[in-house]
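Visitor: Before we talk about any detail, could you put the model on the screen and then take me through it question by question?

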Amino acid sequence: MDVQLRQEIIKFAKKRQLAYYSELAPIVRLDLSDPHQRKLMGEYLGEISEHEHSADRPLLSAIVVDKSTKEPGKGFFTLARDLQIFAGESERAFFERECQRVFDHWSSQEG
């Protein structure tokens, strides 16, 4: 798991702000115009969310979104299904609920 990337996302979460893939890509030295590197970004975010899930925290990557759609990529929803925490509601509803959970959790943390 990329600890620096996780810490940067947490900064956004504490401020209750969405983070754009394009803002975070330089932290892990990725060029998102390259499909392979976009896939790597998804893998990094997936590792972070799996880590958060195993610690009984909301999926931190929920707040990482595409600048144009303001929504996470399909990999986010696939992971949530694989973790069995997303079923029976629309992607939009799950995304909004998970963002709120991330904001609520991290904005209440010290430091």
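Visitor: Among contacts between residues at least 6 apart in sequence, what percentage join residues at least 24 apart?
Guide: This is a predicted model, and the answer is computed from it. Taking the contacts in the protein between residues at least 6 apart in sequence, the share that joins residues at least 24 apart is 59%.

Visitor: In what order do the elements of the protein run from the N terminus on?
Guide: The protein has 5 helices and 2 strands. Read from the N terminus, these elements follow the order α-β-α-α-β-α-α.

Visitor: What is the radius of gyration of the protein, and how compact is the protein for its length?
Guide: The C-alpha trace spans about 35 × 35 × 25 Å along its principal axes. For 111 residues the globule rule gives 13 Å, and the radius of gyration of the protein is close to that, so the protein is as compact as a globular protein of that length, with a radius of gyration of 13 Å.

Visitor: Are helix α1 and helix α3 roughly parallel or roughly perpendicular?
Guide: The axes of helix α1, residues 3-14, and helix α3, residues 35-54, come within 10 Å and cross at roughly 75 degrees. Angles of 65 to 115 degrees count as roughly perpendicular. That makes the relation of α1 to α3 roughly perpendicular.

Visitor: How many charged residues are in the contact of α4 with α5?
Guide: The axes of helix α4 (residues 74-82) and helix α5 (residues 91-107) come within 11 Å and cross at roughly 85 degrees, and the two helices are therefore roughly perpendicular to each other. In this contact K74, F76, F77, A80 and R81 of α4 meet E91, F94, F95 and E98 of α5. Divided by class, the residues of the contact include 5 nonpolar and no polar ones, and the number of charged residues is 4.

Visitor: Is E98 buried or exposed?
Guide: E98 is found in helix α5, and, leaving aside neighbours within four places in sequence, E98 is in contact with P58, L59, A62 and F76. The cut-off for a buried residue is under 20% relative accessible area. Because its relative accessibility is 1%, E98 counts as buried.

Visitor: Which residue has its backbone nitrogen 2.7 Å from a polar atom of the side chain of E98?
Guide: Among the residues in contact with E98 are P58 and L59. The backbone nitrogen that lies 2.7 Å from a polar side-chain atom of E98 belongs to L59.

Terms used: Residues are numbered from 1 along each chain as its sequence is written. This is a predicted model: local features need pLDDT of at least 70, side-chain atom pairs count only at pLDDT 80 or more; totals for chains, interfaces and linings use all residues. Side-chain values use heavy atoms; hydrogens and water are left out. Axes are lines fitted to C-alpha atoms, for helices over the stretch in contact, and angles run from 0 to 180 degrees between N-to-C directions. Helices (H or I, at least four residues) and strands (E, at least two) are DSSP runs, numbered from the N terminus. Angles under 35 degrees count as roughly parallel, over 145 as roughly antiparallel, 65 to 115 as roughly perpendicular and the rest as oblique. Contact means heavy atoms within 4.5 Å. Ala, Val, Leu, Ile, Met, Phe, Trp, Tyr, Cys and Pro count as nonpolar, Asp, Glu, Lys and Arg as charged, and the others, Gly among them, as polar. Buried means under 20% relative accessible area, exposed over 50%, partly exposed in between (1.4 Å probe, protein chains only). A polar contact is a pair of N or O atoms within 3.5 Å; within protein, one must be able to donate a hydrogen and the other to accept it, and residues adjacent in sequence count only if both atoms are side-chain atoms. The radius of gyration is taken over C-alpha atoms; the globule rule is 2.2 Å times the number of residues to the power 0.38.
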